[in-house]
Amino acid sequence: MTTPPPPAAPDPVRRQVDTDALARCADEPIAVPGAVQPHGALLAVTEPGLDVVVASANAADVLGAEVTGRTLADLLAPAELDRLRAALAGDLAEAEPLRVSPGGRELDLLLSRSGGLLVTEWEPVAGAGQAGAAWHRRLPTVLQRLSAPTSLEGLTGVLAREVRALTGFDRVMVYRFDAEWNGEVVAEDRREHLEPFLGLHYPASDIPAQARALYATNWLRLIPDATYTPVPLEPPLVPGTGRPLDLSGAVLRSVSPVHLEYLANMGVTASMSVSLVDRGRLWGLVACHSYSGPHRPSSADRTAAEFLGRTASLLLHTTVEAADRDHAVAVTRREAELAAAVGRTPRTPAAALVDGTLTVLDLLPAAGAAVRLDGRLHLLGTTPPADRVAAVVAAVLRAGGATDRLTRALPGFADLTEEASGVLAVEVGRGRGDFLAWFRPETPREVSWGGDPHTSKVTDGRLSPRRSFARWTETVRGTARPWREHEVAAARALAGHLGEAVLARAAEDDRLSAALQRTLLLEELPKVPGVALGARYRPSEADVVGGDWYDLVPLPGGELAVVLGDVAGHGLSAASVTAQLRHALRAALLRDEGPAAALSALNQLIGALLPGEMATAVVAQFDPATGAVVLANAGHLPAVHAAGGVGRLVTDGRGPALGLLDAVTYPQAELRLAAGDRLLLYSDGLVERRGRPLPEGLEAVREAVAAVAGEPQEVVDGVVAALDPAGGDDVTVVGLARV
């Protein structure tokens, strides 16, 4: 075994020639070659008249009679003709070869249909290899051996041995395709003197796509003599159609000259292949080779070989599943344990996945994992840098959710080979940006090819197969251990459980926060002598609880404190913070030290007990006896004072929002409400619009307050109606006047 140096960069002109040659190879009309192999004859006849319209040039020699201008009734004995018509009345796919003797020569007659014609193929019985009745009597035992293995290696090993015993070929291999249609020999039975091919790989170009398509529909192909000279069809075009006869379903179909050259380069003198199809998709081939001369198994033996291939195809899925079952059961058990942990702590699902004895990294064999929930990213083990994880996951999700060759398949991640050559990602919920992801490092591996796969030549404008099939080894980089189906299924199941828990938690939070917020809203406005009040609260149409609140606090000296605030965020956390701030501000106001002192005390409380929280608030302390108003504003929108039909924004007395600084001394503004004056406090939901500058919104509020006359409640309702705020946020408005 030798490992050659890395190949030089391909010449652009050579690469273009190779590409063109490959395209021509892919377009080769292998289904309509216009010729057959010489070990039998082909007649295409009409139905029901059975008139010969197309015949292979060797038909007269094989059948021992002239066929031009004749019908099958002229060639078959009456009893044979009756058996033929009986077969035509049924399903040809189930029809057994008919044993006939035109001209005294014993032939097997095979039937199919193409282009409105009945295709009959006549193959001499003489000269065919026979396994004999002894093998066929063993068929029940063979089937038992085929179904007994619980591993893929065992199944394919039995298949290779029994097909070789049946057909007599020198070598029988089971050849498995990968996702890119490269092949690997996974089982082999051979004559002792032959070099082993077990474990060798063959490039996808060895079997073009159109050939694979035929393999998926025709289960068996035979080339008894790889040195044969094709026998043309006469006429070459079907009379009346002007098209060549489609031989896709014909056993005698002549094969591509490129394939014959490929067999010659391998030293193969005869070959046969049986398809292996797993749930409708070509899985692999049973490839049979003879090296000592032509070899043609009998029709009965080929039928038995095809039967073994079909039986093995049915067993493939369950056998692979059985081999994976123990690992799959363990993964499923861990997935259930993680889902149960999430269920026990629905409010902290991330902690259940990353902090427990069993973590999300333990679910699958991986070097690293990532959990993103509620916008927060948690990393375990070896992962890409935190600032790259989201981009990697997004790219893999767009590509289907799993890859074992990230750096080779997707651009922009070439530097992540060691951490994330393999990535499995699943979305949690929809549209939230949350996800689970697992990462596998590069696993360099040696691949032994049956010859250098890069040495095919272009000759006379067509692709010629390589001539050397000596073992050639290369190291594959940039790939990781592939993700198994049950691993992907477990990841998706955990994400599903997690998504359900997140949705349930969100629904419960919305219910609790809505209930909590309702306790913060006054059922009715208090009756305060000398004060007229109005208020309006409109919740968000998005059914998201915000942080708006308002309060009316009668003070010991007969004054009234009017409060309107807004806590950053939404949902249960915002509602709970709102409740704490409302009660704390009430306590501070009842000390009767003024709005500014109350806001300073509230800011200090947030810094000490609620770090990281932020809110805005405005407090207007009103004296009904004198009309005096003392106002302090912590980052809130300015109040509006309407007097004599003119509205004025109260911009004095403003300080920073609550929670921004550790210690703040807020200023105060003073004004006086005369008879007929109105003071309006409001939240940002009244004025903010997407694409509109805030100053324009404030000007609209000022104009609306000035334009509406009446009692404070009428002013409040009129302003809300005039501005018609969008429904995406809470809207709170409070008005007061001196009576």
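P48 sits in the loop between β2 (41-45) and β3 (52-56). The peptide bond from E47 to P48 is cis, with omega near 5 degrees. This is a predicted model: local features need pLDDT of at least 70, side-chain atom pairs count only at pLDDT 80 or more, and totals for chains, interfaces and linings use all residues. Residues are numbered from 1 along each chain as its sequence is written, and side-chain values use heavy atoms, with hydrogens and water left out.

**Backbone**

- The loop between β2 and β3 also holds L50. Phi of L50 is near 65 degrees, a positive value in a residue other than glycine.
- A cis peptide bond also runs from E234 to P235, with omega near -5 degrees. P235 is placed in the loop between β11 (231-234) and α9 (257-266).
- Most residues other than glycine have a negative phi, and most peptide bonds are trans.
- Helices (H or I, at least four residues) and strands (E, at least two) are DSSP runs, numbered from the N terminus.

**Helix pair α6 and α7**

- Helix α6 (residues 139-147) packs on helix α7 (residues 152-167) at an angle of about 155 degrees, with axes 8 Å apart. α6 is therefore roughly antiparallel to α7.
- V142, R145 and L146 of α6 make the contact with L155, V158, L159 and E162 of α7. By class, this contact of α6 with α7 has five nonpolar, no polar and two charged residues.
- Axes are lines fitted to C-alpha atoms, for helices over the stretch in contact, and angles run from 0 to 180 degrees between N-to-C directions.
- Angles under 35 degrees count as roughly parallel, over 145 as roughly antiparallel, 65 to 115 as roughly perpendicular and the rest as oblique.
- Contact means heavy atoms within 4.5 Å.

**Helix pair α18 and α19**

- Helix α18 (residues 694-707) and helix α19 (residues 712-723) pack at about 135 degrees, their axes 9 Å apart. The two helices, α18 and α19, are therefore oblique to each other.
- From α18, A700, V701, A704 and V705 meet V719, A722 and L723 in α19. The residues of the contact of α18 with α19 are seven nonpolar, no polar and no charged.
- Nonpolar covers Ala, Val, Leu, Ile, Met, Phe, Trp, Tyr, Cys and Pro; charged covers Asp, Glu, Lys and Arg; the others, Gly among them, are polar.

**Second largest pocket**

- The second largest pocket has a volume of about 950 Å³.
- Its lining has 32 residues, of which A93, A95, L110, V251 and E306 lie nearest the centre of the pocket.
- β5 (107-114), β10 (220-223) and α10 (299-344) each supply at least two lining residues. α10 gives the most, with six residues.
- By class, the lining of this pocket has 15 nonpolar, eight polar and nine charged residues.
- On a 1 Å grid over the protein atoms alone, a pocket is an open set of points with protein on both sides within 12 Å along at least five of seven lines; a cavity is a set where a 1.4 Å probe fits but cannot get out; lining residues have an atom within 4 Å of a point.
- Grid points are joined across faces, edges and corners, and a volume is the space filled by probe spheres set on the points.

**Cavities**

- The whole structure has two cavities of 30 Å³ or more. The second largest cavity has a volume of about 30 Å³.
- R99, D108, E123, P124, V125, A128, Q130, R296, S298 and S299 line the second largest cavity. That lining has three nonpolar, three polar and four charged residues.
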